[in-house]
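This report describes a protein chain from its overall fold down to single residues. The sequence and the model come first.

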Amino acid sequence: MAELDTGGQPQQKAEVARRAHASRRNFMRKVFFASGATAVATMGGAGAWAALADDSTGTADASATPSGGPGGGTGGPGNQSITEDFFGLTTDGNRIDDLFTIHSTGVATAPVITAANAFLAGLTDDQKTSTVFTVHSTEWRLWSNIDSYERQGVSLADLSDDQKALGTALLKAALSADGLETTEKIRKINQAAGEAIGNTTAFNEDAYYWTVMGTPSATEPWGFQFDGHHLVINYFVLGDQVVMSPCFWGSEPTTMEIDGETVTVCHEEVVASLAFINSLTEAQQAVAIESATKSNESMKAGAFSDNTVQEYTGLRGNKLNAAQKKKLLAIVEAFVGRAKADAAKVRMSEVAQHLSDTYVTWAGGTGDDDAFYVRVHSPVVWVEVDCQGPGPLAGAYGATQGSGATQLHVHSIIRTPNGNDYGRELLRQHYLTSPHHR
């Protein structure tokens with residue numbers, strides 16, 4: 001199950017309530033999508049497709065703030081919702097044009113298409129109805145890292161072993177070995193930590209949900225989302241182009257003894273971040289470090305923060321030497337490297353092209369075990385690594401909620417600013433330029 005049964009009801013009753021809530025939300029979405037289809041038929045032409053592909057024009061409203069907290073970790077599912085049309089992360093409420101174009105990248109997407117079709121073919125009709133949404137669906141944006149969020153789609157708990165294997169095959173086709181291992185470790189720790197505190201109803205390895213947007217295709221846009229506690233993967237495909245963002249990776253704790261084995265996750269981004277900050281001179285650190293202290297939660301663009309407006313702050317990439325630039329890229333690589341090697345190579349090349357216009361902001365300590373927050377921000381990439389205070393799983397590692405931030409509870413995210421999270425800018429261009437959509 002995805003939610004914590006705080007009312008003390010039996011698990012079966014809580015599951016019935018969850019399904020009823022999900023059914024109501026699915027009904028409302030179907031009404032919305034039906035209205036959208038009618039609008040296309042009525043309007044006709046590229047304008048209608050553009051309306052579906054891009055639900056905002058002009059500039060973002062910097063004063064409008066989505067509910068649920070900046071890191072997606074505060075509050076509960078009842079106060080997390082979409083309060084704005086999608087616009088994307090910007091520095092001032094205005095998107096930079098011409099950053100993303102439809103072009104050939106050479107990324108092999110056929111294995112992902114094959115795996116996605118096999119996964120869908122393995123679902124029952126009812127499961128498929130709950131899982132498949134349109135490619136321009138708002139469902140893309142309805143993800144959260146918190147355990148109690150009411151999710152859509154089909155959960156691992158609802159799948160047979162054979163169906164689960166088909167889902168794993170889809171992840172294996174989309175992710176690198178490191179990416180797949182990271183997803184498995186996050187789920188494994190979630191289960192073990194739930195057992196440690198006696199609450200596997202809320203915290204377990206099967207409370208993760210699949211949704212598929214659009215129809216897997218070699219030419220038409222589509223994608224999938226894998227969503228649960230401390231783990232969210234958004235994967236958009238258009239031809240041989242892949243956009244894997246937003247992706248949220250986290251864990252509490254980040255290391256745990258499970259069946260006699262030490263399982264550690266989200267370590268790469270922590271190590272890479274500390275290596276970078278400690279490569280700086282004192283003068284450079286004085287610019288990069290905005291605070292020597294670290295709050296319990298610092299993340300600014302977590303769940304329900306698709307339109308965050310954040311000016312550039314900190315140390316600019318053009319002030320770094322070659323070795324420091326390499327270490328800065330290594331922070332991003334810790335995230336990008338969780339995609340297949342060919343997709344990761346394309347993404348890192350894109351990031352490197354804007355390295356001089358990349359800014360790094362730091363808060364907290366710089367010692368090996370210190371809690372910290374780091375943000376890497378450029379026109380084409382946004383990364384946050386946030387060591388947080390002990391949360392609901394604190395008891396699993398002898399911590400107390402409300403105590404200081406720690407490397408044992410990490411939230412991290414990668415995004416694509418200027419409108420291309422969820423591949424939205426590529427989707428918009430596709431609808432405007434494809435002959436069969438005109």
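Buried means under 20% relative accessible area, exposed over 50%, and partly exposed in between, with a 1.4 Å probe and protein chains only. By that cut-off N418 is buried, at 7% relative accessibility. The model is a predicted one, in which local features need pLDDT of at least 70 and side-chain atom pairs count only at pLDDT 80 or more, while totals for chains, interfaces and linings use all residues. Residues are numbered from 1 along each chain as its sequence is written, and side-chain values use heavy atoms, with hydrogens and water left out.

**Overall features**

The protein chain has 11 helices and 15 strands; helices (H or I, at least four residues) and strands (E, at least two) are DSSP runs numbered from the N terminus. Of its 438 residues, 55% count as buried. The accessible surface is about 17,300 Å², with 52% of it belonging to carbon and sulfur atoms; areas come from the Shrake-Rupley method with a 1.4 Å probe, and for residues only the protein chains shown count as cover. Among contacts (heavy atoms within 4.5 Å) with a separation of 6 or more, 73% are between residues 24 or more positions apart.

**Helices 7 and 9**

Two packed helices are described by the angle between their axes and the distance between the axes. The axes of helix 7 (residues 268-277) and helix 9 (residues 322-336) come within 9 Å and cross at roughly 165°. Helix 7 is therefore roughly antiparallel to helix 9, a label for angles over 145 degrees; under 35 is roughly parallel, 65 to 115 roughly perpendicular and the rest oblique. Axes are lines fitted to C-alpha atoms, for helices over the stretch in contact, and angles run from 0 to 180 degrees between N-to-C directions.

On the helix 7 side the contact is made by E268, E269, A272, S273, A275 and F276, and on the helix 9 side by residues including L328, I331 and F335. Helix 7 is mostly covered, with 7 of its 10 residues buried, among them E269, A272, S273 and F276.

**S245 and its surroundings**

S245 sits in the loop between strand 6 (241-243) and strand 7 (247-251) and is buried, at 1% relative accessibility. Its side chain makes a polar contact of 2.8 Å with that of D421. A polar contact is a pair of N or O atoms within 3.5 Å; within protein, one must be able to donate a hydrogen and the other to accept it, and residues adjacent in sequence count only if both atoms are side-chain atoms. Leaving aside neighbours within four places in sequence, the contacts of S245 include N234, I414, N420 and Y422.

The peptide bond from S245 to P246 is cis, with omega near 0°. Another cis peptide bond joins E252 and P253, with omega about -5°; P253 lies in the loop between strand 7 and strand 8 (255-258).

D259 lies in the loop between strand 8 and strand 9 (261-264) and is exposed, with a relative accessible area of 78%. N418 is found in the loop between strand 15 (410-415) and helix 11.
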